[in-house]
Amino acid sequence: MTKTAGALERTGGKGIPRHILMCTSEAAPFAKTGGLADAVPSLSLALAKLGHEVKIAMPRYYGIDRGKLDKLEGAMGVPVGGGEEWTAVYTTVLPGSAKNNPVRVYFFDHEAFFGREGIYGAPFESDFLDNPRRFTFVSKACFQLCRKIDWYPDIVHAHDWPTAMVPVYLKYGEKYGVSSESGSFSETKSVLTIHNLGYQGIYNKDNFFYTNLGWDVFYQSCFDDWNMMNLLKGGIYSADKLNTVSPNYARETLRQEHGFRLDGCLRSRSGDYRGILNGIDNGVWNPALDKYLPAPFSAKDRGGKALAKQALQRLFGLPENAGIPVIGMVTRLTAQKGIGELFGPGYGSAFSICRDMKLQFVFLGSGEPWAEHEILNLASRLPNFRARIGYSEETSHLIEGGADFFLMPSQYEPCGLNQMYSLAYGTVPIVRNTGGLADTVKKYDEKTGEGTGFMFDDLTPSAIYNTVGWAVWAWYNRKNHIEAMSLRGMKQDFSWNKSAREYTRLYEDALDSV
Ligand code: ADP
Ligand code: GLC
């Protein structure tokens, strides 16, 4: 079944290049709401570098220009909803691909499901009513795509609840079906990556009819969630192997505090579940190559960082002063990110941080309307707090490059990419001791000056206040420590190479499983 992709490097597994289909709802640069969109394409490129043949399947959302894609010939039928839905399929090569082993992206172009603004929802409807159908359709379409292009993967790799139906379809149908003369899914195995346990895709169970699967599957795969349908739960029980995006978060999710009611399910599958730390894409998040910075910089020559700071202060209309620390933040505004404790009306800490400390604070993000409102309010009241509500790739790069500190007071954080981007850009992270933040940031030791960032345990407004205060104090009084931390961060290796090898081992374990 495995057609090899030519002369290839060692893969990190058994040295066998595999066929891998990534099934996803987001992939940068095509569609992005958060880190999932960065993780899937950069992992795919890293796997391709190891010699695997990787393809990505995802929806053609309204914002993705068909004019820039190639169309596959003929419509594709997808058996769902008791009948068949028809879709066109478009394709292109993932930017950053190597010429000798490109990663191809396939887009399902279904007007009724994806011909609208928004990936999961819109400002007036945060979770589209037909999401269970939209993403069931995508999951089933992944198999139809393989038939259409006559390419049968060794691994179908699903990500989060939107494609969690993929392992279910494989286990309860596709594995046994006749596919074509040249191949089938009989030897295919599935992997499900949990990027965020806080989003599970819980819907009215009436939607299950749309899958075209029997109710026996509903109960066998444990979709049932207090008489609702939980898509992620069904995926967790059906996938051959599971992982999440950092070792620490993998441990945390086995306990009630961070288990989002699925800790028991994960414990029951703990033998098949592990944590693999995300990497960062060195082609995109690299201060030596970053097209959004006024000048490149690196660990060897950090001169450009001062220019980035100046450009950042100018962009946000702050005094261009090298002698004052700048705290940056780029985030989705959801409870997960600690925004209640930071910006919450009445008890948030951002106001007192900016009022009491000699610093500048720049913010970029969007999400919960109350938080957007509160943040704009702060910006109008405080001379040293500046905010942009919205999404901007360019500004996020400038914040990572130009700030002295980057704040992430997360309630929980499966991996977190921004703290790794910060480290790579010599921007010292201030983080909560949780999830992937604890795996990637080493706490500052005031005595020795060791560490790569500032860290606190309790998520309270006063802990955030005190830790930012500690960092700012060190900036003014322990300059040599801050410089050394910044440099140490830049020298860390967060490339995908190591993680791609760990994924290869996970795939091999899946292929060995019965
Ligand atoms: P999460 O996926 O939970 O949001 P991550 O840290 O893994 O957290 O990834 C967030 C990604 O989304 C980063 O690449 C970050 O720069 C980006 N991001 C979030 N909000 C914005 C925004 N308003 N503008 C630009 N990029 C953003
Ligand atoms: C999720 C998590 C984040 C992680 C990202 C990519 O959105 O919230 O911590 O980095 O997925 O895996």
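This report describes the domains, nonpolar cores and cysteines of a predicted model.

## Domain arrangement

The chain is divided into domain 1 (19–279 + 496–512) and domain 2 (303–490). Taken over C-alpha atoms, the centres of domain 1 and domain 2 lie 33 Å apart. Domain 1 contributes 20 residues to the contact, and domain 2 contributes 19 residues.

About 1,400 Å² is buried between domain 1 and domain 2, with carbon and sulfur atoms giving 55% of this area. Ten residue pairs, both members at pLDDT 80 or more, are in polar contact across the interface of domain 1 and domain 2, whereas zero salt bridges are found there.

## Nonpolar cores

The largest nonpolar core has 124 residues, of which Met22, Leu47, Phe108, Phe137, Ile236 and Tyr503 touch the most other members. This core lies between domain 1 (19–279 + 496–512) and domain 2 (303–490), because both give residues to it. Another core, of 36 residues, lies apart from it and includes Ala371, Ile430, Val468 and Ala471.

Beyond its neighbours within four places in sequence, phenylalanine 137 is in contact with Val78, Val80, Glu85, Thr87, Phe108, His110, Phe113, Phe114 and Tyr210.

## Cysteines

The structure holds zero disulfides. A disulfide requires two cysteine sulfur atoms within 2.5 Å. The closest cysteine sulfur to that of cysteine 146 belongs to cysteine 142 and is 7.3 Å away, so the two are too far apart for a bond. Cysteine 146 is buried, with a relative accessible area of 0%.

For cysteine 222, the closest cysteine sulfur is in cysteine 265, at 7.1 Å, which is also too far for a bond. Cysteine 222 is partly exposed, its relative accessible area being 22%.

Methods: Residues numbered from 1 in each chain as written. Chains lettered and ligands numbered in written order. Predicted model: local features only at pLDDT ≥ 70, side-chain atom pairs only at ≥ 80, totals over all residues. Heavy atoms only, no water. Buried < 20%, exposed > 50% of the residue type's maximum accessible area, 1.4 Å probe, protein only. Core = buried A, V, L, I, M, F, W, Y, C linked by side-chain atoms within 4.5 Å. Domains from an automatic or database assignment. Contact = heavy atoms within 4.5 Å. Buried area = accessible area lost by both parts, 1.4 Å probe. Salt bridge = Lys/Arg side-chain N within 4 Å of Asp/Glu carboxyl O. Polar contact = N/O pair within 3.5 Å; in protein donor to acceptor, adjacent residues only side chain to side chain.
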